[in-house]
Amino acid sequence: MTESIRLRLDVSYDGADFSGWAAQPTRRTVAGVLTEALGRLVGAETPLGLTVAGRTDAGVHATGQVCHIDLPAERYAELAGSLLRRLAALMPPDARVRSVTPVPPTFDARFSATFRRYEYRVSDDPWGPEPLRRHDTLGWLRPLDLDRLNEAAAGLVGEHDFAAFCKRKEHATTIRAITRLDWRRDPDRICVATVQADAFCQAMVRSLVGAMLTVGDGRRQPDWPAKLLTLRERSSEVTVAPAHGLTLVAVGYPEETEYAARADATRRLRELPAG
C-alpha cells in the first residue's frame with residue numbers, strides 16, 4: 001500500500017458563481033474546481049478523499065473554509081515547496097487555497113471540528129449596499145434596530161432542536177448547540193450577525209437570520225424566534241435570508257491529541273436531555 005500524508009487545506013472563495021461546495025456533474029462548484037486543480041498536479045486518477053468542514057450552499061462565501069485530502073507521500077515531497085504557488089496558478093480567481101499543512105491521519109476536517117462560525121452582512125441604508133460589496137451584503141429596505149436584533153438572538157443561544165429553522169434530512173438530527181449569536185453595527189453602518197455552533201443543518205443560519213431580521217425591523221416581537229424552538233418541523237413563517245450575505249469565516253479544532261476523540265463524539269446522534 002502506498003504511504004500517504006494527510007493535508008489540511010484552508011480555502012477562501014467568492015460563492016457568487018458557484019453552485020455551492022459539493023461536486024455536481026453539470027455545475028460549477030468549489031469542490032469541483034479544487035479537485036480539478038489538484039488532479040492536474042498529482043494525476044486525475046489519484047484518489048484524494050476530499051473532505052470539507054461544512055458544505056456551503058450556492059452563493060455562500062468563505063474566508064475560513066477547511067478541508068483535508070490524502071496525497072501519496074512521495075508526490076507530496078516533490079510538491080511541498082511549490083504546492084501553494086502551483087495551486088494559485090491553476091485555481092480560478094474566485095477560489096484560493098491559502099495554506100496547506102500536514103496533519104496527523106486522525107484529523108478529519110468535518111468530524112474533528114469543534115465549531116463553525118459564520119457572519120451575515122446586512123445594509124439597511126436606504127440606498128442599499130455599496131456596489132463593491134453587493135456580492136456579500138444584503139440590502140434591507142426597512143431600518144433595523146440593533147437592540148431588538150440582539151434580544152432575539154439571545155433567545156436562540158444554547159443547545160436546542162432547531163427543526164423550525166432547518167431542512168430536515170432523513171435519519172439526521174436537528175439538535176444543535178449555538179455558542180454565540182449576536183449583532184453589531186460596523187463603522188460603515190453594516191449590520192453583521194455572528195453565529196457560531198458546533199455544527200449547522202441545511203439553511204439553518206440563513207433561516208435564523210431571516211427570522212431575526214423581521215424582529216429587527218419591528219414586524220415581529222423579540223421573543224418570536226425562540227418560541228419557534230418548540231416546533232418539531234420547519235416553520236412556514238420563517239423566510240430564508242438570501243445566500244449572498246453569508247460567509248463562513250472560521251472553523252475551530254481541538255489539540256492534535258484530541259482529533260480522534262472529537263470525531264467519535266461528533267458521529268454520535270445527539271438527543272436533548274429529558275425533562
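Q: Leaving aside its neighbours within four places in sequence, which residues is G59 in contact with?
A: In this predicted model, G59 is in contact with G15, A16, F18, A243 and H244, where contact means heavy atoms within 4.5 Å. Because the model is predicted, local features need pLDDT of at least 70 and side-chain atom pairs count only at pLDDT 80 or more, whereas totals for chains, interfaces and linings use all residues. Residues are numbered from 1 along each chain as its sequence is written, and side-chain values use heavy atoms, with hydrogens and water left out.

Q: Why is G59 called buried?
A: The relative accessibility of G59 is 14%, and buried means under 20% relative accessible area, while exposed means over 50% and partly exposed lies in between (1.4 Å probe, protein chains only). G59 therefore counts as buried. Its place is the loop between β2 (51-52) and β3 (61-72), with helices (H or I, at least four residues) and strands (E, at least two) taken as DSSP runs numbered from the N terminus.

Q: How far apart are G59 and G15 along the chain and between their C-alpha atoms?
A: G59 and G15 are 44 residues apart along the chain, while their C-alpha atoms are separated by 4.4 Å. For G32 and P225, which are 193 residues apart in sequence, the C-alpha to C-alpha separation is 36 Å.

Q: What makes D136 count as buried, and which side chains are joined to its own by polar contacts?
A: D136 has a relative accessibility of 16%, so it counts as buried, and this residue lies in the loop between β5 (115-123) and β6 (138-139). Its side chain is joined to that of R133 by a polar contact of 2.5 Å and to that of T137 by one of 3.0 Å. A polar contact is a pair of N or O atoms within 3.5 Å; within protein, one must be able to donate a hydrogen and the other to accept it, and residues adjacent in sequence count only if both atoms are side-chain atoms. Neighbours within four places in sequence aside, D136 is in contact with H61, R121, H244 and G245.

Q: Why is D124 called buried, and what does its side chain reach?
A: D124, in the loop between β5 and β6, has 8% relative accessibility and therefore counts as buried. The side chain of D124 reaches the backbone nitrogen of L144 at 2.9 Å, and it makes a polar contact of 3.0 Å with the side chain of R185. Residues up to four places away in sequence not being counted, D124 touches W140, R142, P143, L144, R185 and R189.

Q: Why are α4 and α5 called oblique to each other?
A: The axes of α4 (residues 146-154) and α5 (residues 204-216) come within 8 Å and cross at roughly 135°; axes are lines fitted to C-alpha atoms, for helices over the stretch in contact, and angles run from 0 to 180 degrees between N-to-C directions. Angles under 35 degrees count as roughly parallel, over 145 as roughly antiparallel, 65 to 115 as roughly perpendicular and the rest as oblique. α4 and α5 are therefore oblique to each other.

Q: Which residues meet where α4 passes α5?
A: In α4, R148, L149, A152 and A153 meet M212, L213, V215 and G216 in α5. The residues of this contact divide into 6 nonpolar, 1 polar and 1 charged.

Q: What makes α1 and α3 oblique, and which residues make their contact?
A: The axes of α1 (residues 30-42) and α3 (residues 83-90) come within 10 Å and cross at roughly 125°, and α1 and α3 are therefore oblique to each other. The contact is made by A37, L38, R40 and L41 of α1 together with L83, R86, L87 and L90 of α3. By class, the contact has 6 nonpolar, no polar and 2 charged residues, where Ala, Val, Leu, Ile, Met, Phe, Trp, Tyr, Cys and Pro count as nonpolar, Asp, Glu, Lys and Arg as charged, and the others, Gly among them, as polar.
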